[in-house]
Amino acid sequence: MPRPTSSSSPPHLPLLLAALAFLAALILTYMVAGNAQRTAAAELAGNFNFRARDLASGIDRRMDVYEEVLQATRGFLRGSTDVDQAAFAEYYDLLHLNERFPGIEALGIATLIPPGRVDAHVAAMRAAGFRDYAIKPPGPRPVITSITRIEPFSGRNLRAFGYDMFSEPVRRAAMEAARDTGHPASTGKVVLVQEGTQDERGEQSGFLMYVPVYRAGAPVDSVAARRAALAGWVYAPFRMKDLMAGLGGEHAGELQVEIYDGLAPTPAALLYHAPGGTPVRKALLAYQTTVENAGRTWTVVVRSTPALEASLNRRATLAIALTGVGLGVLLALVVWLLASERRRALQLAQGMTVELRDSRDRIDAERERVRLILQTAYDAFIAVGPDGRITDWNLRASQLFGWREDEAVGRDALDLLLPAPQREEWHDCLAHFARSGACAMLAGPTEATALTRDGLEIPIEIAITPLATPRGYGVTAFVRDIRPRKETEEREQQRQQRLEEARAALLRSQKLEAVGKLTGGVAHDFNNILHIISANVQLMLRSEDNGRKRLLNILDAVDRGKKLAAQLLAFARRQPLHPSVVNLAQLIERMDALLHRAAGDAVAIRMTIPSDLWNVLVDPNQLENVLLNLVINARDAMDGGGEVVIALANVTVDAHDTLTYAGIHPGEFVTIAVSDTGSGMPPEVMERAFEPFFTTKPEGKGTGLGLSMAHGFVKQSGGHIRLASEPGAGTTVTIYLPRALQDTPDPAFLPVPH
């Protein structure tokens, strides 16, 4: 007998259900593929916008660099356009403009020429070696300028040599703007003089940038003063294609760039277009912004190229479509099987239910894992929707701000967490962030002040990441309490302050130690002198002769005490001096025999004395003592023979001289340098060389007051003393004495005629 059927459904119902399932799968596939396509388009747009903004920023940075180059050249000229051609060429070579600053056609100087001085100026330039020099274009004009220096001085740049840029309105407007403001100024779109004829130009646009050069020392505090002080301009011409070469990087072929002079992108204002040719197609993506170029506004328009648009990833959409069709076929087959065989359908439904349950469990487990990670994170985690309300809040956020999760979620983040004065600024930033997914305030980790539940303001550091949603961009933020870091920084600052105080106390103690050494040395030497006097007096009391020898010993001791007192006064800069106008060459000649006797036969003394030596105002007797001490010190340092060089010279120290950093004030000096070929001094000895009673000689060989007395005498005379030495390379002591304005030395010290 035939098996009875368990279903009363019509035979075509399974096919109908399978068709409906396949249609539903196709509709779902269409929706998913469309969403994937939109996502790919959004990603392409974001990539394009990033490249376009980066290109505009690169143009802005490059023009800032060119301004710095011209500012540095103005500093090199030091207030005068009359610079030697060789020196200017050497300066240009040092800059390596072709390697470091592509796009600069040349570096030049435009000199302002009074109308009545044109012929004299042309004659002077030709006399300087420029035989074909002439001002171009010829003819009388109210104000005349001329390109008097240009580097490289070859090729196309020779066409510009002598050109009067004031004769052309666009150039003149920029030159006047730079002259009146004192700042760099750029021209509008021009054709460079270097381009030559129309056939040679190749339709390449250009512009020029000017920096004014004012005469040195002239006031420039007003427009009228700047005009009166103007000497000329430093300028640089630019060819736009050379300027833009390589600026787009490896993706330059995917961007179509247009640069317009001004705010209106009109054909007449077009400075640059790449790749070549005017666009005839409507680009899929476009970006427009402005950049500032030395007081000139440029409009930068960037469009996508077919190469970039072709990179739109449609393969994912095709894969989704194919997958959806395959799943639709599979689903239709499943529905047909379900409708055809109930038992198989029940088994399949049970398997799908188990699989769905497992999938749900996996999703729940993953969600729980993420929640646990966020709850146990070291930083507070806060998620904010595009509307500014809190959507997620972890345990660390509750501990930091004092609000429970159920109290914080749904509240406005700014009203809950920020003090009132900061809310408006952050509100504008988050509103912009919700629209574009970016805000300048949130470009990186940002420090701010947050408000706790108790009203306590605490310093925090916040790191923001955009979260795209259908309603705009939300915010995921990790917030870190930086109070410990601030406290550490404050403790470090206090530690540094205490360290500086300790250093100051150490310096004071070292000064007290020096004074103590001085006091001890003085007491010791005076005690010896008094002992000599006392002993001789006692011997005279016991002796029956007239005591002449004892009296002479007493006088000798008194003389030694007088010398010690003189050294101490010189060290303290309280020595009574008797300055007079002295010719140092004559003084050294008078001391020649004395210096040779002091140095000994094993030491050679060589003197270097110029014929035009200036006079100085100084006490000659004290200076002779200083020189004698320096020669004796040099003799002792050489220990067995060597050479001492005494060199005199005229020296002028200006405000920019490196000697001013060593404490020597600007002025005119006569220097006495005493050099030896001895053992030299290590750094630790040099640091203490001018201390009183400090000596490296054996006991009884020196008092340690020679250099300290010399230091005090030179300082009291208004001069300076410097010490230079290296172990094994000898020592040089240089004395700077101020120049005397009197042309002849005082008569008391003139050489006696033979």
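**Close-up 1. The crossing of helix 19 and helix 20 in this predicted model is right-handed.** Helix 19, which covers residues 592-599, packs with helix 20, residues 620-638, at an angle of about 30°, and the two axes lie 9 Å apart. Because angles under 35 degrees count as roughly parallel, helix 19 is described as roughly parallel to helix 20.

**Close-up 2. Residues in the contact of helix 19 with helix 20.** From helix 19, the contact is made by Leu594, Leu595, Ala598 and Ala599, while helix 20 contributes Leu627, Leu628, Val631, Ile632 and Arg635. Sorted by class, this contact of helix 19 with helix 20 has eight nonpolar residues and one charged residue, with no polar residues.

**Close-up 3. The centre of the second largest pocket and the residues closest to it.** The space in the second largest pocket amounts to about 520 Å³. The pocket is lined by 24 residues, of which Thr81, Asp82, Thr111, Leu112 and His121 are the closest to its centre.

**Close-up 4. Helix and strand elements in the lining of the second largest pocket.** At least two lining residues are supplied by each of strand 1 (107-113), helix 4 (118-127), strand 2 (144-151) and strand 5 (230-239). Helix 4 gives the most to this lining, with four residues. Divided by class, the residues of the lining of the second largest pocket are 14 nonpolar, six polar and four charged.

Conventions: Residues numbered from 1 in each chain as written. Predicted model: local features only at pLDDT ≥ 70, side-chain atom pairs only at ≥ 80, totals over all residues. Heavy atoms only, no water. Axes fitted to C-alpha atoms, helices over the stretch in contact; angles between N-to-C directions. Parallel < 35°, antiparallel > 145°, perpendicular 65-115°, else oblique. Left-handed = near helix turned anticlockwise from the far one by under 90°. Contact = heavy atoms within 4.5 Å. Nonpolar A, V, L, I, M, F, W, Y, C, P; charged D, E, K, R; others polar. 1 Å grid on protein atoms, 1.4 Å probe; cavity = no way out; pocket = protein on both sides within 12 Å on 5 of 7 lines; lining within 4 Å. Points joined across faces, edges and corners; volume = space filled by probe spheres on them.
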